[in-house]
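Okay, everyone, thanks for coming. Let me put the model on the screen, and then I'll walk you through it.

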Amino acid sequence: MSTLHTVNKSPFERSTLVSCLNHTVEGDKVLMIEDGVISARKGSAFEELVKSVQENCALYVLAPDMAARGIGKGDLVDGITPVDYNGFVDLVAECDRTQSWL
Amino acid sequence: MTMDEAGAPNGEAKKFLYVNRKAPYGTIYALESLEVVLIGAAFEQDVELAFIDDGVYQIVKGQETDGIGAKNFSATYKALGDYEVTKFYVEAESLAERGLTADNLMEIMYEDEDDDWAEKPSIKIVNRAEMAEIMSAQDVILSF
């Protein structure tokens, strides 16, 4: 039983990412979309938080939203997996429920 | 001819600072700011731009929007020099917090008519205290 969490806000703009990550349980998946992809960048002030969550959860980022913001695959925090729209659908299908953090 | 010499139709040009705090594409703020910047420039006001917080992402290079079905308006920033918008203040702390450096920003240039049309960079990296000083020197501040 796992939950897919999606986060669409920048961690610098809203506390959405922090709230989401504080409410995950082992085996959950977190997908960063829209401005949420800003959390995935290596070297940001949120890198340590993002890394600490990876011990329990798999993290993903929507590649088209990364590309729009000039974030390349080499810019990602280690261990975060880029997915395309089909990958997004796969994640929704694999998980028991989806929680959209706004 | 400078802005002040050109003068606005109804008097002297005012100093306008457009403060950009949002990443592009996730919301409409960045695009709307650009529209208003062009209006300000058309009315021959003294227009300067500030990029703080997630606003620094507006001028990050390598933006590719084909995958999200949104218009890539990043090239517009490079054209602002032709409208005498030549001061882009970017906050160093905002870059650093996001794992960005000046090297991640687009090359935005203008031609200085007072210096034999020499090409010069529009982007100036300033620290938070300097940004506060820039804000306090304006006639009008518009936030996006």
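So, look at Tyr18(B): its bridge partner in E2(B) is Leu49(B). That bridge belongs to a parallel pairing of strand E1 (residues 15–20) with strand E2 (residues 46–51) of chain B, over six bridges. For the record, strands are DSSP runs of E with at least two residues, helices are runs of H or I with at least four, and the numbering starts from the N terminus; two strands pair if DSSP finds at least two bridges between them.

Before I go on, a word on the source: this is a predicted model, where local features need pLDDT of at least 70 and side-chain atom pairs count only at pLDDT 80 or more, while totals for chains, interfaces and linings use all residues. Residues are numbered from 1 along each chain as its sequence is written, and chains are lettered from A and ligands numbered from 1 in the order in which they are written.

Back to chain B. What is the order of the five strands in its open sheet? Reading across, you get E6-E3-E2-E1-E7, with parallel pairing. Strand E6 (123–126) and strand E7 (140–143) of chain B stand at the edges with a single partner strand each, so one side of each has no neighbour in the sheet. From one strand to the next, the twist averages 25°.

Now the helices. Helix H2 (residues 29–42) of chain B packs on that sheet, touching E1, E2 and E7 of chain B, and its direction makes about 170° with that of E1(B). Contact here is C-beta atoms, placed from the backbone, within 7 Å. The angles run from 0 to 180 degrees between N-to-C directions, using lines fitted to C-alpha atoms, for helices over the stretch in contact. Then helix H5 (residues 128–136) of chain B lies across E1, E2, strand E3 (88–91), E6 and E7 of chain B, at about 140° to E3(B).

Zooming out, chain B has five helices and seven strands, and along the sequence they go α-β-α-β-α-β-α-β-β-β-α-β. Its C-alpha trace spans about 45 × 35 × 30 Å along the principal axes. The radius of gyration of chain B is 15 Å, which agrees with the value near 15 Å for a compact globule of 144 residues; that's taken over C-alpha atoms, and the rule is 2.2 Å times the number of residues to the power 0.38. Of the contacts in chain B with a separation of 6 or more, 77% join residues 24 or more positions apart.

Over to chain A. There's an open sheet of five strands here too, in the order E4-E3-E2-E1-E5, with parallel pairing. Strand E4 (81–83) and strand E5 (97–101) of chain A are at the edges. Inside chain A, strand E2 (residues 29–32) and strand E3 (residues 58–62) pair in the parallel sense over four bridges, and Leu31(A) has Tyr60(A) as its bridge partner in E3(A).

One residue I like is Ala40(A), in the loop between E2 and helix H2 (47–53) of chain A. Buried or exposed? Ala40(A) counts as buried, because it has 27 C-beta neighbours inside 10 Å; the cut-off is 20 or more other C-beta atoms within 10 Å, with C-beta atoms placed from the backbone. Beyond four places in sequence, Ala40(A) is in contact with Met32(A), Val61(A), Leu76(A), Val77(A) and Ile80(A).

Last, the interface: 19 residues of chain A are in contact with 19 residues of chain B.

Conventions. Contact = placed C-beta atoms within 7 Å. Buried ≥ 20, exposed ≤ 12 C-beta atoms within 10 Å, placed from the backbone.
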